[in-house]
Amino acid sequence: MVDINFLATPSERSDGPSPGARSAALRWDIIELLFFAYRDFVGDADHELEAFGFGRAHHRVMHFVHRYPGLKVADLLDVLRITKQSLGRVLKQLLDEGYIVQKTGNNDRRQRLLYATPKGEALVGKLAGLQTDRINRAMQEIDPAGQETVRQFLRAMIDRDDPDKVLETIFGGGRKTRE
């Protein structure tokens, strides 16, 4: 059995605070909770993706292409903060296997616009369903005011000067994040 005493704040730990004043000021409790929450949140989808030979990069691409039909490849690069080369392999696999289609822009033929196919939409729906189940289980433990605090905290964790258009859409009253 694992001792989760390490999740306690330094003053709550049985071994007392960590050495050094700087170390005591660090938010080890939140840092570690975020690590474990992220591990389990993406782990549900990771297990499902393995069956397709996909990983987290595939999931992120599919998520944003599904949520924002017609997303430009250039904007996807900005959202994911990855290079064209990093996206290339993942995008090619998703295109080749029929999860995404790419169309040229109507006004600018150089634009590559991405859309999820019905096959891609089904996969994203399955993954989002697993993650929604985990979120709903956690939110059942929290009253409505606390749920809004969770949303505020997560929004505050995102760099507000982030230049990507998807976050501008989410924060600027575009497509709703809860459906």
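Mentor: Helices are DSSP runs of H or I with at least four residues, strands are runs of E with at least two, and both are numbered from the N terminus. This is a predicted model, in which local features need pLDDT of at least 70, side-chain atom pairs count only at pLDDT 80 or more, and totals for chains, interfaces and linings use all residues. Numbering starts from 1 along each chain as its sequence is written, and side-chain values use heavy atoms, with hydrogens and water left out.

Trainee: What makes up the chain, in helices and strands?

Mentor: The chain has 8 helices and 3 strands. Along the sequence they follow α-α-α-β-α-α-β-β-α-α-α.

Trainee: What makes Asp-96 and Lys-92 a salt bridge?

Mentor: The rule asks for a side-chain nitrogen of Lys or Arg within 4 Å of a carboxyl oxygen of Asp or Glu. Here the N to O distance is 2.6 Å, so the pair qualifies. Both residues lie in helix H5 (residues 84-96), 4 residues apart, about one turn of the helix. Asp-96 and Lys-92 are both exposed. The chain has 8 salt bridges by this rule.

Trainee: Which parts of the chain does the pair Asp-44 and Arg-134 link?

Mentor: Asp-44 and Arg-134 form a salt bridge, with the closest N and O atoms 2.7 Å apart. Asp-44 is in helix H2 (residues 28-50) and Arg-134 in helix H6 (residues 118-139). They are 90 residues apart, so distant parts of the chain are linked.

Trainee: Why is Asp-44 called partly exposed?

Mentor: Buried means under 20% relative accessible area, exposed means over 50%, and partly exposed is in between (1.4 Å probe, protein chains only). Asp-44 has 22%, so it counts as partly exposed. Arg-134, at 27%, also counts as partly exposed.

Trainee: And why does Asp-29 count as buried?

Mentor: Its relative accessibility is 9%, so Asp-29 falls under the cut-off. Asp-29 also forms a salt bridge with Arg-27, at 3.1 Å between the closest N and O atoms. Buried residues make up 28% of the 179 residues in the chain.

Trainee: What makes E1 and E2 edge strands?

Mentor: Strands pair if DSSP finds at least two bridges between them. The open sheet has 3 strands in the order E1-E3-E2, with antiparallel pairing. Strand E1 (71-72) and strand E2 (100-104) each have a single partner strand, so one side of each is left without a neighbour in the sheet.

Trainee: How do you know that E2 pairs with E3?

Mentor: 5 bridges join E2 to E3 (residues 112-116), so the pair meets the rule. The two run antiparallel. Thr-104 stands opposite Arg-112 in E3.

Trainee: How does the reach of H7 compare with the span expected?

Mentor: The expected span is 1.5 Å times one less than the number of residues. H7 (residues 144-157) has 14 residues and reaches 20 Å from first to last C-alpha, close to the expected 20 Å.
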